[in-house]
Every structure is written in C-alpha cells, then in structure tokens.
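The following exercises concern a single protein chain.

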Amino acid sequence: MNEPLPEPSPSSRSSLAERARRVTQSVPQAVACRRTAAHVWGLHVLSLDATQDGWPVELIAPGHLAIPGCVTHVTTLPADDITEHKGVRLTTQERTALDCVRWLPRMEAVAALDQFLRRGVDLEALWHLSTSWHQRDTLSLADRGAGSPRESWLRVILVDGGLPRPSTQIRVSLADDRFAYLDLGWPDFQVAAEYDGQQHHTSSADQLHDERRRAELRGLGWRIIAVRRDVFPGQTADLLHQVADTLIQQGWQPGARQTVRILARIRAARRRRQR
C-alpha cells in the first residue's frame, strides 16, 4: 500500500542518504527503496526542483512504519533483493532498477534505467525479471549512451513521438584528428539533437565553443538541433515538428502510418500545452 508523502520533520533536514542510513540502521525491517535507493546508489533520480532535505526516505517493510519523514511501501522482499551500500540497507541495483521501471513516470524511469546500465546492471537480466508488457516496453527504451537524465527524456520524447529511434554518443571525425561526440541523432541522415543544459552551456565561452563546433559540423553536412531546457514539457510539439521536418529534408521518408502517428503526437502535445 502506498502511503501519502509526509512533510519532513525539522530534525530530518540532512542528506537523503544520511537519513536513509539512520532509519535502516535503527529499524531492522526497513529497506530503502525506489528513488531513495537509486539516490544512494549514486543516480540522479529526484524529481525536478526537488531537494534532498525535502525528499522522504522511501522504505519497503513487511508492515507500515510510522516514521516522520518516511513513506512505507508494505511488501515482503526476498533476501536476494537486499544489500548494503554506504551503510544503508537498501534494494540491490537490479531490484532498484526494476522498481524504478515499475513505479516512476515513463521518462524518469528510462532516465534511471540508463544510469543503471552505465553502472553495469544487465539489461537482459532485467528483461527476464520483468512481469508485464509495460515494464518490457520501458526496458526496450534503455540506452547506456545517454549522458544525462534530460538526454534520456529527449530520446523518449522523440521515440514516443513516432520518430526513428536515434543513436547515442555519435562520433564524428573533424579536422586535425579531432572528434565530436553528438548526444543523439541519425547518422544516416546527418541529423543530431543536442541538449543544451544550463550547467555547461550558459557562459559566453561555452556558447562560443558550441557555435564553433556546430559550425564545423554543419560544414560537414550535419544538421544540429539545439534543445533548450524549457523544451520539457512545454515545447515538445515544436521539437517533434522541427526534428521531423529536418529528417525529411535530409532524406528520411516516413511511411503513411508513421506520418499519421507523428502528426497525431504533435497535435496531442499542442493540446496539452493549451490547457
């Protein structure tokens, strides 16, 4: 049973991992799970604009635990699904990955899964452990090449929008034995989409470097679509339209059913934006 998220108590305002450590060491039946476990494993999984001190410790236990600043998911865990990391008793990486697939929103689940794959979690093993079409559909979107959660989100938007699945970390040869690595794209059509994150693309020097790099890529025939932070979630219709048009200009020929699907997804995204 899922309990509502409680307000954190003033005394709990320390790091999420430290609060999880204290709780699981004090309560023998408590096991950190879901986003809390993923966070302790080193993943970026908390919701947008969430802070560690405001995030509840998510626990699995055989019965409800009335602990301030915690939320309990009542179930029984197999012993093989429990381990310890950084002093926290928590679900294994494999179980945590599957729990993220089961319980997180689609884009966030894929972003967590991509990060777990980069840490060595076996996708095939997760596939065999999954118990529903929904879980396997999410697993099928995983790609260890995503460089950040928002790059994962971008890939999901494009694929769910009806576009061909893009490759990740595309290596392009430049002059003087240099290489550029593109976030994701379609090498056959020389089209790429790159997420311009706030952290690395706001300074004048960063912007100048990006423009010079992209100008060199354009000289080689590449079309680079820069995706800004505000595309999530309000600008997805415009993004799908731009990427589809660019791919078609570069030689992509979608079939009739694929075209109908893309147009339907664009219209649906615009309706959501107008609400």
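**Exercise 1. Ring contacts**

Determine which residue lies over the face of Phe 179, and at what distance from the ring centre.

Solution. In this predicted model, the residue over the face of Phe 179 is Arg 171, placed at 3.6 Å from the ring centre. A charge counts as lying over a ring if CZ of Arg is within 6 Å of the ring centre and within 35 degrees of the ring normal. The next step is to look for pairs of aromatic rings. A pair of this kind is described by the distance of the centres and the angle of the planes. A search of the whole structure returns zero aromatic pairs.

**Exercise 2. Positive phi values**

State where Arg 34 is found and whether Arg 34 is buried or exposed; then locate Gln 169.

Solution. Begin with the backbone of Arg 34: phi is near 50 degrees, a positive value in a residue other than glycine. Arg 34 belongs to helix α2, which covers residues 34-40. The relative accessibility of Arg 34 is 10%, so this residue counts as buried, the limit for that class being under 20%.

Turn now to Gln 169. Its phi is likewise positive, near 50 degrees, and the residue is again not glycine. Gln 169 has its place in strand β6, residues 167-173. With a relative accessible area of 34%, Gln 169 is partly exposed.

**Exercise 3. Two helices in contact**

Describe how helix α9 and helix α10 cross, and which residues make the contact.

Solution. Helix α9 spans residues 236-249 and helix α10 spans residues 256-274; their axes come within 8 Å and cross at roughly 155 degrees. Angles over 145 degrees count as roughly antiparallel, and therefore α9 is roughly antiparallel to α10. From α9, the contact draws on Thr 236, Ala 237, Asp 238, Leu 240, His 241 and Ala 244. From α10, the residues are Ile 262, Arg 265, Ile 266, Ala 269, Arg 270 and Arg 273. Sorted by class, the contact of α9 with α10 comprises six nonpolar, two polar and four charged residues.

One member of this contact may be followed further. Ala 269, in helix α10, counts as buried because its relative accessibility is 7%. Neighbours within four places in sequence set aside, Ala 269 is in contact with Thr 236 and Ala 237. Between Ala 269 and Leu 16 there are 253 residues of sequence separation and a C-alpha to C-alpha distance of 35 Å.

**Exercise 4. A loop residue**

Identify the residues that Ser 47 touches, not counting residues up to four places away in sequence.

Solution. First place Ser 47: this residue is found in the loop between α2 and β2 (57-61). Ser 47 has a relative accessible area of 23% and is partly exposed. Its contacts, with residues up to four places away not counted, are Arg 35, Trp 55 and Glu 108. Glu 108 is 61 residues from Ser 47 along the chain, yet their C-alpha atoms are separated by 8.3 Å.

**Exercise 5. The whole chain**

State how many helices and strands the protein chain has, and what percentage of its residues is buried.

Solution. The protein chain has 10 helices and nine strands. Of its 275 residues, 47% are buried. The C-alpha trace spans about 60 × 45 × 40 Å along its principal axes. Finally, consider contacts between residues at least 6 apart in sequence: 62% of them join residues at least 24 apart.

Notes. Residues are numbered from 1 along each chain as its sequence is written. This is a predicted model: local features need pLDDT of at least 70, side-chain atom pairs count only at pLDDT 80 or more; totals for chains, interfaces and linings use all residues. Side-chain values use heavy atoms; hydrogens and water are left out. Helices (H or I, at least four residues) and strands (E, at least two) are DSSP runs, numbered from the N terminus. Buried means under 20% relative accessible area, exposed over 50%, partly exposed in between (1.4 Å probe, protein chains only). Rings of Phe, Tyr and Trp (its six-membered ring) pair if their centres lie within 6.5 Å; planes under 30 degrees apart count as stacked, over 60 as edge-to-face and the rest as tilted. Axes are lines fitted to C-alpha atoms, for helices over the stretch in contact, and angles run from 0 to 180 degrees between N-to-C directions. Angles under 35 degrees count as roughly parallel, over 145 as roughly antiparallel, 65 to 115 as roughly perpendicular and the rest as oblique. Contact means heavy atoms within 4.5 Å. Ala, Val, Leu, Ile, Met, Phe, Trp, Tyr, Cys and Pro count as nonpolar, Asp, Glu, Lys and Arg as charged, and the others, Gly among them, as polar.
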